[in-house]
Amino acid sequence: MAKFTAKPKDLIHIDFKNPRTGWMDTPVDIREHMYCHPTKAKDLETVGFPNIHEWRPADENWNLPEDWKETVLNGIKERLQKYRSFHVFMDICVRCGACADKCHFYLGTGDPKNMPVLRAELLRSVYRKYFTASGKILGKTAGARELTEDVLKEIWYYYYQCTECRRCSVFCPYGIDQAEITMIGRELTNLVGLQLGWIGGPVANCYMKGNHLGLEPHTIKSNIEMMLDDIETITGIRINPTFNRKGAEILFVTPSGDLFAMPGIYTAMGYLMLFHELGLDYTWSTYASEGGNFGFFSSNEMAKRLNSKIYAEAKRLGVKWVLGGECGHMWRVLHQYMDTWNGPADFLEVPKSPITGTVFDNAKSAKMTHISEFTADLIKHGKLKLDKSRNDHLKVTFHDSCNTSRGMGMLDEPRYIIKNVCNHFYEMPENTIREKTFCCGSGTGLNASENMELRMRGGLPRANAVKYVHEQHGVNMLANVCAIDRATLSASMDYWVPGVGVAGVSELVGNALVMKGEKERTADLRGETLPGKEGAE
Amino acid sequence: MSFTELLSEKKPAILKKWFDSILDTYPSETADFLKKQKDRFANPVGSTIYGGMDSLLNSLLSNDDADTISKYLDDIVRIRAVQDFTPSQSLAFIFRLKDAVREETADESNARDFSDELTAFDLKVDALALTAFDIYMKCREKIYDIKANELRNMTIKLVERANLIFEARYRDIDLKDLVMEGNKSERGE
């Protein structure tokens with residue numbers, strides 16, 4: 001064994017100073033626990049993605065196709081022509097740095113290449129080299145650099161350390177949308193077969209089975225039946241929802257995480273109870289069984305293909321309009337893309353609440369309304385009997401999902417609902433909520449396990465604000481309207497703020513909802529005994 | 001002036017030096033940001049570390065109990081445990097407190113012999129390091145717990161359902177009979 005000779009000073013010496021070379025000349029250091037595993041070849045084959053090959057991020061050689069460079073450069077060229085926004089974003093940044101410290105990944109990792117400006121610069125430098133006169137002539141002086149394998153690896157590494165949350169865009173004086181730059185960067189990596197397993201798998205499942213988890217119709221039905229059993233135990237009421245029913249007034253579409261994962265299933269129980277109590281003429285679909293869209297994290301084209309089933313199913317079933325469950329990116333897709341991708345949905349009617357008569361004009365064209373808009377309207381019109389005290393064991397705060405807040409501008413409806421179903425609600429600090437909300441740190445297909453350190457670092461700014469209200473007000477429940485949040489914030493809370501649970505807003509509604517003919521409730525939707533009801537059973 | 005009084009007097013300078021030493025472990029642009037941004041929500045890493053170090057120094061000076069010290073230490077170590085550091089790099093900042101104290105009390109130490117007090121203080125720092133090691137390990141174990149729990153949360157409903165099907169099918173059958181039946185069928189009887 002080697003003799004141990006280190007002096008105390010040496011032991012604590014850490015050489016973590018900036019590299020002597022500039023950022024352009026410093027090759028990327030791909031670190032374990034910061035990236036997700038590559039996808040399986042069969043999943044890429046399922047959807048016909050190009051350049052499928054075996055590769056591992058930690059290896060020196062990524063087995064790229066021979067013409068990888070040409071493919072990527074052609075990919076950039078095509079997108080510059082296709083998306084004017086992308087072209088503008090490549091040119092317009094003045095590197096003022098307003099975005100630099102607004103990214104949760106930068107705040108948590110401290111890695112300068114996670115500053116949104118520098119993350120974009122990784123791609124911009126390549127753009128300048130091949131697509132601008134100054135870059136071609138002046139090269140590095142004009143901020144341009146050759147596209148090499150190392151540069152491609154760097155783009156891959158950092159573009160999968162961005163959750164497309166758009167917080168940086170809120171602070172950009174030019175309104176540069178880093179999310180769109182990341183989307184294009186990811187498309188480029190997909191052109192040469194560098195997809196993640198956590199994205200490629202769900203995409204293939206969704207394409208073949210209709211949902212990310214690959215649940216088949218009988219599984220969806222039996223999962224919901226298990227929830228119905230639980231609802232019956234808690235309320236004494238047996239609910240009988242319908243599936244794939246032609247002629248229903250409303251088609252309900254929600255992320256498949258709600259059908260399966262904890263604590264999402266409690267949110268789904270909330271939907272089921274609400275719709276039953278209203279006597280809503282609606283149906284579930286085992287075909288359009290996924291509101292989420294991991295295609296959105298692969299390419300515009302893939303997202304469009306996966307999204308098409310929602311209108312197709314609405315048409316097949318002959319419903320009047322579509323109601324959507326609690327999800328984040330699902331709503332950015334539905335709100336901003338669905339209509340132009342797969343519309344016009346002229347066979348549908350403008351969503352109108354059959355209970356209150358409210359017409360949701362904001363969904364005039366897309367014909368799809370968010371469950372929180374629908375529920376808030378019901379409460380506003382006094383259509384729900386609510387017993388807030390059933391949530392008295394919860395001190396609730398609300399996490400705005402990036403996509404529902406910055407992507408569709410829904411800020412007040414969930415808060416209005418929570419205040420009507422809970423007695424104890426506390427906001428997190430102003431610069432961490434609403435448009436300035438911090439990402440959960442695990443969106444856009446980064447909610448895998450192998451990159452848990454990245455997720456924890458990215459989740460720190462959100463968790464730090466939760467910790468504050470936990471310490472100040474005893475907050476013990478983090479409500480949200482996103483399936484990815486429900487899954488990933490549970491992990492984040494477990495690490496950063498133990499003692500804080502995570503719940504969908506509709507779960508809280510389900511707890512408070514007084515249903516006709518129900519027995520006296522002694523437990524909440526999780527089966528936990530309500531305060532004051534101990535020993536009642 | 002006692003050594004403790006001296007430390008109290010020098011506390012702001014010691015804290016600054018100690019904080020600067022941990023900032024050295026981050027890239028320089030990041031270190032500037034961690035130092036200058038005072039809003040605790042805009043700068044969770046910098047403010048948590050600074051606040052934690054401040055509280056730790058107060059606790060060491062007022063001989064707080066181990067639980068209180070652990071809490072402050074936890075705030076810092078929990079962050080360092082998931083950042084880009086080896087375990088020793090994560091926790092090396094604790095020993096830098098010895099340097100900071102020595103450097104800031106050098107003049108007074110020359111005038112008066114504080115070697116016994118410094119030794120006693122070093123022992124406290126060593127104890128701090130051992131506590132930090134416990135916390136660090138708990139944090140790392142937690143990460144693996146979370147990974148396992150995520151998998152469990154994703155599949156628990158499947159497992160429950162499988163159990164329900166099993167129970168429904170074999171509720172009235174003795175497990176021994178089931179095993180014997182299986183053995184028979186294996187033997188082709």
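Q: How much area do chain A and chain B bury between them?
A: This is a predicted model. Carbon and sulfur atoms account for 57% of the area buried between chain A and chain B. The total for the two chains is about 4500 Å².

Q: How many residues of chain B are in contact with chain A?
A: Contact is counted for heavy atoms within 4.5 Å. On the side of chain A, 52 residues meet that condition with chain B. The number on chain B is 46 residues.

Q: Which residue of chain B meets A:Arg455 in a salt bridge?
A: The rule finds 6 salt bridges across the interface of chain A and chain B. The cut-off is 4 Å between a side-chain nitrogen of Lys or Arg and a carboxyl oxygen of Asp or Glu. For the pair that includes A:Arg455 the N to O distance is 2.6 Å, and the partner is B:Glu150.

Q: Which helix gives the largest share of the side of chain A that touches chain B?
A: Between chain A and chain B there are 12 residue pairs in polar contact, both residues at pLDDT 80 or more. Helices H5 (104-109), H12 (217-235), H21 (452-473) and H22 (483-496) of chain A each supply at least two residues of the side that touches chain B. The largest share is 11 residues, and it comes from H21(A).

Q: How many charged residues does the side of chain A that touches chain B have?
A: Sorted by class, this side of chain A has 26 nonpolar and 15 polar residues.

Q: What distance separates the centres of domain 1 and domain 2 of chain A?
A: The domain assignment gives domain 1 as 23-194 and domain 2 as 202-512 in chain A. Their centres are taken over C-alpha atoms, and the separation is 30 Å.

Q: How much area is buried between domain 1 and domain 2 of chain A?
A: In this interface 32 residues of domain 1 of chain A are in contact with 38 residues of domain 2 of chain A. Carbon and sulfur atoms give 62% of the buried area, which totals about 3000 Å².

Q: Which residue meets A:Arg332 in a salt bridge?
A: Across the interface of domain 1 and domain 2 of chain A the rule finds 1 salt bridge. A:Arg332 takes part in a salt bridge with an N to O distance of 3.5 Å, and its partner is A:Asp177.

Note on methods
Residues numbered from 1 in each chain as written. Chains lettered and ligands numbered in written order. Predicted model: local features only at pLDDT ≥ 70, side-chain atom pairs only at ≥ 80, totals over all residues. Heavy atoms only, no water. Buried area = accessible area lost by both parts, 1.4 Å probe. Polar contact = N/O pair within 3.5 Å; in protein donor to acceptor, adjacent residues only side chain to side chain. Helix = DSSP H or I, 4+ residues; strand = E, 2+ residues; numbered from the N terminus. Nonpolar A, V, L, I, M, F, W, Y, C, P; charged D, E, K, R; others polar. Domains from an automatic or database assignment.
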